[in-house]
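Here is a short report on a predicted model. It covers aromatic pairs, a loop residue and a helix contact.

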Amino acid sequence: MQDFLSITTLEALLPFIAVGFAAQMVDGALGMAFGVISNSLLLFMGVPPAAASAGVHTVETFTTAVSGISHAIHRNVNWKMFFRLMIPGVIGGVLGAYVLSNVDAGTAKPFILVYLSCIGVYLLFRALRYPPREREPKIVEPLGLVGGFLDAAGGGGWGPVVTSNLLVQGASPRMTVGTVNTAEFFLTSTISATFITQLGWAAFTQATVGLLIGGVIAAPFGALLARRVPAKTLMFLVGIILTLTSLFNLYLALAR
């Protein structure tokens with residue numbers, strides 16, 4: 001509680017508000033990358049890794065709620081797909097949080113990042129040849145399970161794994177982004193519940209509060225962009241973000 005009450009000036013919050021706003025704009029519009037962008041920028045700004053991770057996971061509980069409501073209002077959600085993703089996603093999140101709590105998931109991380117980089121390049125290729133024939137995705141529940149598991153065990157992966165693979169299967173970019181974002185609220189809440197209970201007010205540092213303000217402000221605009229941006233452009237942007245963030249994190253993983 002002391003950290004929360006120590007915030008006395010808007011000037012101290014502004015850098016973190018800007019980070020939260022930028023990260024949520026990308027995540028709300030493209031269905032991925034809030035954790036990757038905000039974590040990377042916070043570390044660059046000198047925030048300790050543990051504090052950055054704690055803050056991002058706490059904030060995502062709130063930003064995904066606002067983002068999900070906004071996507072629902074803009075009719076960006078395929079509710080049938082939502083339930084097919086959300087239920088196995090929560091199960092995967094619980095498994096990742098509890099089963100792998102004492103296991104190092106870093107060994108598999110480089111292989112996953114190489115896979116996601118390839119998916120990003122393929123999405124760029126698909127975007128250049130747009131429009132493809134839109135199809136109903138057949139593999140949904142396993143994506144939710146794997147995405148939730150990786151998100152909890154590896155600190156991220158829901159958006160990159162689920163959004164990119166649904167797009168590869170031919171799903172509508174706008175509906176995919178909205179549905180994945182909305183389902184993520186339930187996943188994030190499940191993963192974060194124990195964490196927030198254990199930390200209490202200690203999770204609400206200056207960085208957390210700034211991220212929360214910026215993320216909540218940006219959430220409605222991200223949903224609006226997902227609806228207004230042409231599908232070809234949306235897919236191209238998803239490909240770029242996925243490729244760059246995966247390659248960057250692969251570099252960090254191999255450099256350790």
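## Aromatic pairs

Phenylalanine 186 is partly exposed, at 35% relative accessibility. Phenylalanine 82 is buried, at 4% relative accessibility. These two rings form an edge-to-face aromatic pair. Their centres are 5.8 Å apart, with 70° between the planes. Phenylalanine 82 sits in helix α5 and phenylalanine 186 in helix α9 (residues 173-199), so the pair ties together parts 104 residues apart in sequence.

The model holds 4 aromatic pairs by the rule used. One of them joins tryptophan 79 and phenylalanine 82, edge-to-face, at 5.2 Å centre to centre and 75° between the planes. Tryptophan 79 is partly exposed, with a relative accessible area of 43%. One aromatic cluster takes in Trp79, Phe82, Phe83, Phe185 and Phe186.

## A positive phi in a loop

Arginine 75 lies in the loop between α4 (49-73) and α5 (79-98). Its phi is near 60°, a positive value in a residue other than glycine. Is arginine 75 buried or exposed? Arginine 75 has a relative accessible area of 67%, so it counts as exposed, the cut-off being over 50%.

## Packing of α2 and α10

Helix α2 (residues 10-30) packs with helix α10 (residues 206-228) at an angle of about 30°. The axes are 6 Å apart. The crossing of α2 past α10 is right-handed. By class, this contact has 19 nonpolar and 8 polar residues, and no charged ones.

Terms used:
Residues are numbered from 1 along each chain as its sequence is written. This is a predicted model: local features need pLDDT of at least 70, side-chain atom pairs count only at pLDDT 80 or more; totals for chains, interfaces and linings use all residues. Side-chain values use heavy atoms; hydrogens and water are left out. Axes are lines fitted to C-alpha atoms, for helices over the stretch in contact, and angles run from 0 to 180 degrees between N-to-C directions. Helices (H or I, at least four residues) and strands (E, at least two) are DSSP runs, numbered from the N terminus. A crossing is left-handed if the near helix is turned anticlockwise from the far one by less than a right angle, and right-handed if clockwise. Ala, Val, Leu, Ile, Met, Phe, Trp, Tyr, Cys and Pro count as nonpolar, Asp, Glu, Lys and Arg as charged, and the others, Gly among them, as polar. Buried means under 20% relative accessible area, exposed over 50%, partly exposed in between (1.4 Å probe, protein chains only). Rings of Phe, Tyr and Trp (its six-membered ring) pair if their centres lie within 6.5 Å; planes under 30 degrees apart count as stacked, over 60 as edge-to-face and the rest as tilted.
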